[in-house]
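Subject: Structure handover

Hi,

Here is the structure for your files. My notes follow below it.

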Amino acid sequence: MKNIVLIGFMGVGKGSVAREVSQNSDYMTVDTDDMIESMQNRKIKKIFEEDGEKYFRELEKQVAIWLQKSVKNTLISTGGGFYKVKNLKKIGIVVLLDSPFDSILKRIQEHPNAENKLKKRPLLSDLKKAKELYDLRRPEYLALADIVIDVTDKSVTNCSQELLKKVKNI
Ligand code: S3P
């Protein structure tokens, strides 16, 4: 079992799919944002506020190096900008959760905890800028992905089953 690295835009459902896969397979799951928060004992939002995005990206690089060296048989969910680390493809099979920007936004806004979901993501505070970021990143996500899962209007269970099936066939 190789690692699976889940990439995709903020709010697309990487965490939810990772938990579902982990509950229905032998994969354990870790999340790069959780690791950074735990390493730093501060929330991502605080890290951005106190030290800026550049510093956060350096932390992502540290995490990526550690994952490549030390983690096996694991489903790794990542922050939306983690895909930029140089060694991404060396960590494991890259799986993109893909969906149009408007559907992602709808998913977040319809969540019972929508306010918190928006508040904790500094790069979603300006939706016009977030859309620009989405347009910039989407081709880059697609170029890196070994597997693409269109999650639009699909249940988490459905996405998780599709992921496991596609990984098996690789
Ligand atoms: C980011 C996405 C966030 C988090 C940070 C930056 C990004 O993770 O890593 O706020 O650059 O897209 P999620 O994708 O889990 O929201």
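Contact here means heavy atoms within 4.5 Å. Helices (H or I, at least four residues) and strands (E, at least two) are DSSP runs, numbered from the N terminus. Buried means under 20% relative accessible area, exposed over 50%, partly exposed in between (1.4 Å probe, protein chains only).

This is a predicted model: local features need pLDDT of at least 70, side-chain atom pairs count only at pLDDT 80 or more, and totals for chains, interfaces and linings use all residues. Residues are numbered from 1 along each chain as its sequence is written, and side-chain values use heavy atoms, with hydrogens and water left out.

Helix α3

Start with α3, residues 44–70. Its end C-alpha atoms are only 23 Å apart, whereas a straight helix of 27 residues would span 39 Å at 1.5 Å a residue. (The expected span is 1.5 Å times one less than the number of residues.) There is a kink of about 115° in α3, centred on D51. The bend at a residue is the angle between axes fitted to the seven residues ending there and the seven starting there.

The buried residues of α3 include I44, I47, F48, F56 and R57. Their cover includes β2 (28–31), α2 (32–40), β3 (74–77), α4 (88–91) and α7 (127–144).

Ligand

R57 also belongs to the ligand site. The ligand is surrounded by 13 residues, and the closest are K14, D33, R57, R121 and R137. A residue counts as near if one of its heavy atoms lies within 4 Å. A polar side-chain atom of R137 lies 2.7 Å from an oxygen atom of the ligand. On its own the ligand has 390 Å² of accessible area, and the protein covers 93% of that. Areas come from the Shrake-Rupley method with a 1.4 Å probe; for residues, only the protein chains shown count as cover.

Two buried residues

T78 sits in the loop between β3 and α4. T78 is buried, at a relative accessible area of 2%. Its side chain reaches the backbone oxygen of L6 at 2.7 Å. Not counting residues up to four places away in sequence, T78 touches V5, L6, I7, K14, D31 and T32.

V21 lies in helix α1 (residues 14–23). V21 is buried, with a relative accessible area of 0%. Beyond four places in sequence, V21 touches Y27, L75, S160, L163 and L164.

Best wishes

How values were computed
A polar contact is a pair of N or O atoms within 3.5 Å; within protein, one must be able to donate a hydrogen and the other to accept it, and residues adjacent in sequence count only if both atoms are side-chain atoms.
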